[in-house]
Amino acid sequence: MRLALPLVAFVLASGCGRDAPKPPHKEHSLADIPAGPKIVVTGTNPTPAPVGTDALDADDPDAPAADLASADRVLVADLQGDGEPEVFVASGNEVRWGEWPAGAAAPTLNGRHVGKGMLQRWMAHDLDGDGKDEVVMAFGMGRGFAHAALRVDLLRSAEGGTIALPLWKHEGPRTQVTAIQPWPKKDGTFDIYVAAFEDRFHVVGGVLPRDGTAPPAWVDGHRLRMGMYRAVGDFDGDGEVETAIGRLYGDEKGADGDLRVVHHDGTVDMVPVLRGVRAVGSGDVDGDGRVELLFGDGWHKNYGKLARYRPSVLRWSGGWETELIEESAEQYAVEQIGVVGGAVVAGGNLRVTAYTKGESGWTAGARANTASTGTWAAAGTDLIVGGKAVGRAPLRPPAPAP
């Protein structure tokens, strides 16, 4: 079903928290706020700060770096554009990175960057088309932690090292970024699509300039109650960018809207799902040059035995067609999903699984344990995974000996 925008704001299904006192909202640089939802910005485009063994915003940047407590999130990025990507590992509010040569037991994590709060979302992409990846990182604490403002930083290589650019800072009742995606521009480069909580329940989405010269320009129709999970791509093959929005939970069981595709012209397709969407992604699954939309639906962990791990592929063929890959109660949700080399890779709260499709349907191939965030990243033919420590596993198991 396709609805015209603007969307009507959703009424809360229950009165929970309706009369609770609102946390103070600190406003800065009001002249910089665009029309629309009021997420405010401070410190736009300040002077770049060098990073490396030192840490931007660290309480004591001269203190020796201790070992990371865990690998809460992992990422792979080619900062130098030399074909030898760096592996990024995050624990809490700290990010380390370095090369991981083939055959080495672990990466050499020489780079270090420290934010405030904790790392919430990040991405790696060549935004400016120079052949080198940039890493965009969002730090914050979420609802009830006013001391840790939401902050988005961009990390890139520079002559003599690596620098971090603080792009956007926001203080409010819920300092939480829920999605970061590359946003294509007409010139072939990219800005940054950001989804963040506007208030306790509603999430807005907008485009943040990659140079940090302005706050995000919020997009009409991208504001949705608990619409936390976002993916950007040309999902229907019309040459225009669509945005998929996954809602953690809706107002009514069985009502469409927990997954929707917002088109560039302001129309919305409601995609039927089981209940709630916790992860969305994109990639060319079939190798035909068209991007498919990937998602995981099903009740999440708060619903106990009803929770489901359900990775799926959504294709456009004159209408939306959903193909369920697997359903399991062993994990409570799909936390991260994407495509690597024609394989759909889905991370749950226990393990990461790579799926390939043959004549008999989908087959689960490589599996590896990971952190509860479901975090994984691709490094060539290997998967980098999180957990108590960063790990590495082949994307596809070795062929059996003849």
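**Close-up views of an all-strand predicted model**

View 1. Ala-379 stands opposite Asp-382 of S31. The model is predicted, so that local features need pLDDT of at least 70 and side-chain atom pairs count only at pLDDT 80 or more, whereas totals for chains, interfaces and linings use all residues. Residues are numbered from 1 along each chain as its sequence is written, and side-chain values use heavy atoms, with hydrogens and water left out. Strand S31 (residues 382-385) is joined to S30 by four bridges, and the two run antiparallel. Strands are DSSP runs of E with at least two residues, helices are runs of H or I with at least four residues, and both are numbered from the N terminus. Two strands pair if DSSP finds at least two bridges between them. The sheet is open and consists of three strands in the order S30-S31-S32, with antiparallel pairing. S30 and strand S32 (391-394) are its edge strands, each pairing on one side only. On average, neighbouring strands of this sheet are turned by 30 degrees against each other, direction ignored; the axes are lines fitted to C-alpha atoms, and angles run from 0 to 180 degrees between N-to-C directions.

View 2. Thr-375 is located in the loop between strand S29 (361-369) and strand S30 (376-379). With a relative accessibility of 2%, Thr-375 counts as buried. Here buried means under 20% relative accessible area, exposed over 50%, and partly exposed in between (1.4 Å probe, protein chains only). Contact means heavy atoms within 4.5 Å. Leaving aside neighbours within four places in sequence, the contacts of Thr-375 include Ala-71, Asp-72, Arg-73, Val-74, Ile-384 and Val-385.

**View 3. Strand S6 and its partner S5.** Strand S6 (residues 111-114) is covered on both faces: Gly-111 and His-113 on one side, and Arg-112 and Val-114 on the other, are all buried. In a regular strand the side chains alternate between the two faces of the sheet. Strand S5 (residues 94-99) is joined to S6 by four bridges, and these strands run antiparallel. His-113 in S6 is the bridge partner of Val-95.

**View 4. The nonpolar cores.** A nonpolar core is a set of buried Ala, Val, Leu, Ile, Met, Phe, Trp, Tyr and Cys residues joined through side-chain atoms within 4.5 Å. The largest such core has 24 residues, of which Met-228, Leu-259, Val-280 and Leu-293 touch the most other members. Among the elements that give two or more residues to this core are strand S13 (177-184), strand S20 (259-262), strand S22 (277-283) and strand S23 (292-297). Not counting residues up to four places away in sequence, Leu-259 touches residues including Ile-245, Met-270, Val-280, Phe-295 and Leu-314. A second, separate core of 19 residues includes Met-123, Leu-154, Ile-180 and Trp-218. In soluble globular proteins, nonpolar side chains tend to be buried together.

**View 5. The buried residue Ala-138.** Ala-138 belongs to strand S8 (residues 134-140) and, at 0% relative accessibility, counts as buried. Its C-alpha atom is separated by 5.9 Å from that of Leu-119, a residue 19 places apart from Ala-138 along the chain. Not counting residues up to four places away in sequence, Ala-138 touches residues including Met-118, Leu-119, Arg-151, Val-177 and Ile-180.

**View 6. Selected salt bridges.** A salt bridge is a side-chain nitrogen of Lys or Arg within 4 Å of a carboxyl oxygen of Asp or Glu, and by this rule the count comes to 18. Asp-153 and Arg-151 form one of them, with the closest N and O atoms 2.9 Å apart. Both partners are buried: Asp-153 has a relative accessible area of 1%, and Arg-151 has a relative accessibility of 18%. Lys-357 forms a salt bridge with Glu-323, the closest N and O atoms being 2.7 Å apart. Because Lys-357 lies in strand S28 (residues 351-358) and Glu-323 in strand S25 (residues 320-324), this pair ties together parts that are 34 residues apart in sequence. Arg-351 and Glu-330 meet through their side chains in a further salt bridge (3.6 Å, N to O). Arg-351 is partly exposed at 21% relative accessibility, whereas Glu-330 is exposed, with a relative accessible area of 61%. Salt bridges that share partners join Asp-286, Arg-315, Glu-323 and Lys-357 into one network.
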